[in-house]
Amino acid sequence: GMDVARERFVVAPERGGGGKDAGLLVDRRTAPGKAAWKAFLSTLGGREWVRPDLAANVPAMLAALADHHEAGPLLFPPSDGRNEVSIWWTDPVTGARLRCRPDRLVWLDYVPPVPDLKTTEDASDRAVEKTTARFAYHMKCAMYLDAVEAAFGVRGVMPLVFVETGPRPRVNVKWTATSDRPCDKPT
């Protein structure tokens, strides 16, 4: 969990001092802030940056994911799946060459789940439905499942794994096997 996080992510520099701006990213509107940000970006070496306020809650988020009855088996141990695998295929209707890069591929009971991890401030059912509609996650699910079917010859399922970014994160998993709205886990 944390070892994987340290290999992939670097905590971005934060503003000094206290008050309402404490813990926020360095102010890139000022000359010293721009220079600090540029210097920070040069140290990434292919890793991604994460906000300081989010990084403080990563251990709690990982623990909540690992302990969740649906998310845990999809994400842990990391060796049970492959992360960020590029899938290339040709769309049968348009002939266009397509690529997607799912967060993770896992094989369970001969049906490949393609979990997509989402951070959120609110993992309630209502908020998850609104977020899914707003960002058209159901369309992304359809594309990813088309890719898995083209690559592996079997239609997968796509669990959207929502984890809250706060210090006591809740987890909510919604499943989809088609381009329809997410639903509870298929049986």
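Biologist: What makes the 17 residues of the largest nonpolar core a core?

Modeller: A nonpolar core is a set of buried Ala, Val, Leu, Ile, Met, Phe, Trp, Tyr and Cys residues joined through side-chain atoms within 4.5 Å, and the largest such set here has 17 residues, with I87, C100, L105, V114, M158 and F162 having the most contacts inside it. The elements that give two or more residues to this core are β4, α7 and β8, and α7 gives the most, with six residues. This is a predicted model, in which local features need pLDDT of at least 70 and side-chain atom pairs count only at pLDDT 80 or more, while totals for chains, interfaces and linings use all residues. Residues are numbered from 1 along each chain as its sequence is written, and side-chain values use heavy atoms, with hydrogens and water left out.

Biologist: Why is I87 called buried?

Modeller: Buried means under 20% relative accessible area, exposed over 50%, and partly exposed in between, with a 1.4 Å probe and protein chains only; I87 has 4% relative accessibility and therefore counts as buried. I87 is found in strand β4 (residues 87-90), where strands (E, at least two residues) and helices (H or I, at least four) are DSSP runs numbered from the N terminus.

Biologist: Which residues does I87 touch, not counting those up to four places away in sequence?

Modeller: With contact taken as heavy atoms within 4.5 Å, I87 touches L98, R99, C100, P102, L105, A147, V148, A151 and F152. The C-alpha atoms of I87 and A147 are separated by 6.5 Å, although these residues lie 60 residues apart along the chain.

Biologist: How do you know that β8 is largely enclosed by the rest of the structure?

Modeller: Seven of the seven residues of β8 are buried, and so the strand is described as largely enclosed. M158, L160, F162 and E164 point one way from β8, whereas P159, V161 and V163 point the other way.

Biologist: What makes β8 a paired strand, and in which sense does it run beside β7 and β9?

Modeller: Two strands pair if DSSP finds at least two bridges between them. Five bridges join β7 to β8, which run parallel, and T119 stands opposite V163 in β8. β8 and strand β9 (residues 171-176) pair in the antiparallel sense over six bridges, with F162 opposite N172 in β9.

Biologist: Why is the ring pair of Y137 and F162 called tilted?

Modeller: Rings of Phe, Tyr and Trp (its six-membered ring) pair if their centres lie within 6.5 Å, and planes under 30 degrees apart count as stacked, over 60 as edge-to-face and the rest as tilted. Y137 and F162 are 6.3 Å centre to centre with 50° between the planes, and form a tilted pair. Y137 lies in helix α7 (residues 137-152) and F162 in strand β8 (residues 158-164), so the pair ties together parts that are 25 residues apart in sequence.

Biologist: How do you know that K118 is buried, and what does its side chain join?

Modeller: K118 has a relative accessible area of 11%, which places this residue among the buried ones. A polar contact is a pair of N or O atoms within 3.5 Å; within protein, one must be able to donate a hydrogen and the other to accept it, and residues adjacent in sequence count only if both atoms are side-chain atoms. The side chains of K118 and D116 are joined by such a contact, at 2.9 Å.
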